[in-house]
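Thanks for coming. I will go through one structure, starting with its rings and ending with its backbone.

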Amino acid sequence: MKKILTAFLFLAAVKMVAAQTLQSPEQFLGYKVGSKYTRHYRIVDYFRSVAQAKPAMVKLEKYGETNEGRELMMAFISSPENIQQLDAIRKNNLAMAGLGDKTAAMRDAPVIVWLSYNVHGNEPSSSEAAMLTLYALTDPNNQQAKEWLRNTVVVIDPCINPDGRDRYVNWFNSMVGTHFNADPASREHSEPWPGGRSNHYNFDLNRDWAWQTQIETRQRLKVYNQWLPQVHVDFHEQGYNAPYYFAPAAEPFHDVITPWQRDFQVMIGKNNAKYFDTNGWLYFTKENFDLLYPSYGDTYPIYNGAIGMTFEQGGHSRGGLAVATSSGDTLTLTDRATHHYTTGLSTIETASANREKLISEFRKFFDDGRNGKVGEYKTYVLTDKDPNKLRAVAQLLAQNGIAYGNVSEKNFRGLNYVTGKDEAYADEGYNLAVSAYQPHGVMVKVLMEPKTMVADSNTYDITAWSVPYAYGVKAYALKEKLDVSSSWKDNSIVTDVNASYGMLIPYTSFNGSRLLAQLLKNGVKVRFAEKPFTYKGKTYNRGTLIVIKTNNAGNWSAVVNAACRQFNIQADIVETGMMDKGADFGSPDTRLIANAPKIAVFTGEQASSLGAGEVWHFFDKVIDYPVSMINAADAGRINLKNYDVLVIPDGYYRSLSEKSISDKLKDFVRSGGKIVALEGAVSALASGDWGIKVKEDKSDDKGEYANVKKYGDRNTSSLSGSIPGAIYKMELDNTHPLAFGYPDYYFTLKQDATLFEFMKDGWNVGVMKKDAYVTGFAGVKIRSKLKDGMLFGVQDMGSGNVVYLAENPLFRSFWENGKMLFANAVFLVGQ
């Protein structure tokens, strides 16, 4: 027994020594980095092993979990002296930004370098590089790293998107044989739908930084904004035939980007180039990847005081373990990881050498914000009759660390976002104000500015996103500074009502849609008014929800009161079905939603993964309503009679052009079903015999020299006909249930030139007339085309309906004002 105990203790001691001995990734994993893909949990395990071996240099922090339960973690790496006072360094950093206790200031503070890896799951080489970088920084034989870490605290987030990464890695590992096949046509280079790029809900996390609609982003940004690093790198991959890309970025640069932020990008680029030139590796700079849209992993840090950069390695999705390129070379995973490892260390080296300048410019960036030196507008005042719209804006601002409050002053003028003119302020009942005089003054300007200034129009993403338009609230931009309170109150109070007959519930914001979904899901039968009516001297608008004891049993009033509290909507008591003016409750103009609609959504390879993901996320996470996701390819064998509503997201639907499928869908509608088609699905239906047609443009120049073009202009000649994402003002028929709860206009994000002819046998609910352009880039040819057409429409067919939403009201889940429109399409239209 004694011998067994001794042996056990010996083995335990050996394991303890091994756990405390720094291992390289190859020693820990049992294979060389790049020879196979590493699953996420093994990456996390390696980081833990290094932290155990080097506790004086490495501190780990778990900051959350993904939708699928995978760990989100980051490592802080620095000298032992810096790690000992890590929280003091963090507080000092915030103090320099004017966001913390100024007494926390310290001399010779280190610069914070934050490295983010694998935001796109099928761009996996960077997470492999993260392990190499961690080892290099903690290797006791690396004297250079020791010097760098005296001046820097390095933050490594080894995988921003673990769900997407493992989706890709698990698929690839199931496809590859004993030996990889570098032939690009081999199946291991053809990732199936939806691919690993996106997260669980098929959202692109590299477009979500500012909006924070996804759980991974919200958890990460909470920590990020507690640190506010001076340097941030977002590691990506691009097509496998492309060489490496690193800073400086391409135009357009947003005009708030400082000369120093530009200069440091050049310094980083030159240092990277030094190492790439030595190794004979190709690269490019100043092309493709611009700095405008605020929700990237490079721009969001830039607008928050950092030097933000994107590094792009060739190889994403189709790179495999090795792939033959068009140049005749073979690009391996080892190559890809090595390139990212090199630029990561090069960035740390450059930051360490420029610590003092980075710190001083960081402080100046936030000083300029506090002193109101950013932008021409100094105060933004948003106002609405429904406080819930302003609450949604307040949540966005709070997530981004932006201060906001109320204004008591009401006698002022400013640029009216709705009219585009300088006008006297008209208070709608509630207000929310944002001063430009704050540390996050740059972010305030970027998110709130009425017009986006685009110096160069060849952009990588949308060019307009202004919060008042996206959130559907009236707003004024002032060139004067107003006094804004330090805290915000909307003074809305919701109290339960003791209703024996029924309740009237205002329907004036998306919270009304969420409340409706909640009631239907819980078995409450809801009516809504198709026309305004008056009860006890108070006028109730179209869309007002009516819940009465008729058809409802049990504790219906308790369910309604609970929902009103949850969604901050005050219900009124109604004691009779006879109204003072307008339709009584038994009138055909008062519609009954007798049962919660059963909803199906097309998904699968014919659907856009992002488009299907937005719809799935809307039902599953935003309104918490059951939905069936069905493969579009299976439409021929699915019994559609099991559903009331079929949502067809954006996509490229081969099946919709098949007569048998088209006939089946028409039978579904004629029998009382409803189709809600979005974006590309609308175009697909328009190509068939559905009663909707794409509007053809007949103004193009067909002259004999129309096709004579200059080769040197090939990259810019198409810009006159492009629209990467601009805001347009549509006219709404808000007497139709599709537009209930809206004014007679709607701001949409237009991303292509598609318009549809006005329907003769349908309802043209959302139309675009002339002079509809508001802000963002739209080529001169596009501007002349985008008029006199339909974008939102409803077609009655038999006992059912088809709702056409040619523009995406759920875009990235940040276009808040579109969510009510989509909910109306699902729940109100056709009742």
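Which charged end sits over the ring of W260? The charged end of K357 does, 5.6 Å from the ring centre. A charge counts as over a ring if NZ of Lys or CZ of Arg is within 6 Å of the ring centre and within 35 degrees of the ring normal. K666 is placed over the face of W690 in this sense, 5.4 Å from the ring centre.

Some ground rules. This is a predicted model, in which local features need pLDDT of at least 70 and side-chain atom pairs count only at pLDDT 80 or more, while totals for chains, interfaces and linings use all residues. Residues are numbered from 1 along each chain as its sequence is written, and side-chain values use heavy atoms, with hydrogens and water left out.

Next, the aromatic pairs. Searching the whole structure gives 53 of them. Rings of Phe, Tyr and Trp (its six-membered ring) pair if their centres lie within 6.5 Å; planes under 30 degrees apart are stacked, over 60 edge-to-face, and the rest tilted. F412 and Y425 are a stacked pair, at 4.5 Å centre to centre with 25° between the planes. The pair links distant parts of the chain, 13 residues apart: F412 is in the loop between α14 (387–399) and β14 (413–416), and Y425 in the loop between β15 (422–424) and β16 (430–435). Helices (H or I, at least four residues) and strands (E, at least two) are DSSP runs, numbered from the N terminus. Both F412 and Y425 are buried. Buried means under 20% relative accessible area, exposed over 50%, and partly exposed in between (1.4 Å probe, protein chains only).

Y728 and Y773 make an edge-to-face pair, 5.7 Å centre to centre and 75° between the planes. Here strand β29 (residues 726–732) holds Y728 and strand β32 (residues 773–775) holds Y773, 45 residues apart. Y728 is buried, at 1% relative accessible area, whereas Y773 is partly exposed, at 26%. There is also an aromatic cluster made up of Y117, F235, Y244, F246, F276, W281, Y283 and F311.

Now the largest pocket. A pocket is found on a 1 Å grid over the protein atoms alone, as an open set of points where a 1.4 Å probe fits, with protein on both sides within 12 Å along at least five of seven lines; lining residues have an atom within 4 Å of a point. Its lining has 44 residues, and K385, D386, T508, N541 and G741 lie nearest the centre. At least two lining residues come from each of α14, α16 (467–471), β21 (538–540) and β30 (745–750).

One buried side chain is worth a look. T383 is in strand β13 (residues 379–384) and is buried, with a relative accessible area of 0%. A polar atom of the T383 side chain lies 2.7 Å from the backbone oxygen of Y430.

Finally, the backbone. W193 and P194 are joined by a cis peptide bond, with omega about 0°, and P194 is in the loop between α8 (162–175) and α9 (215–227). E679 is not a glycine but has a positive phi of about 45°. R812, also other than glycine, has phi near 55°; R812 is buried, with a relative accessible area of 17%.

How values were computed
Polar contact = N/O pair within 3.5 Å; in protein donor to acceptor, adjacent residues only side chain to side chain.
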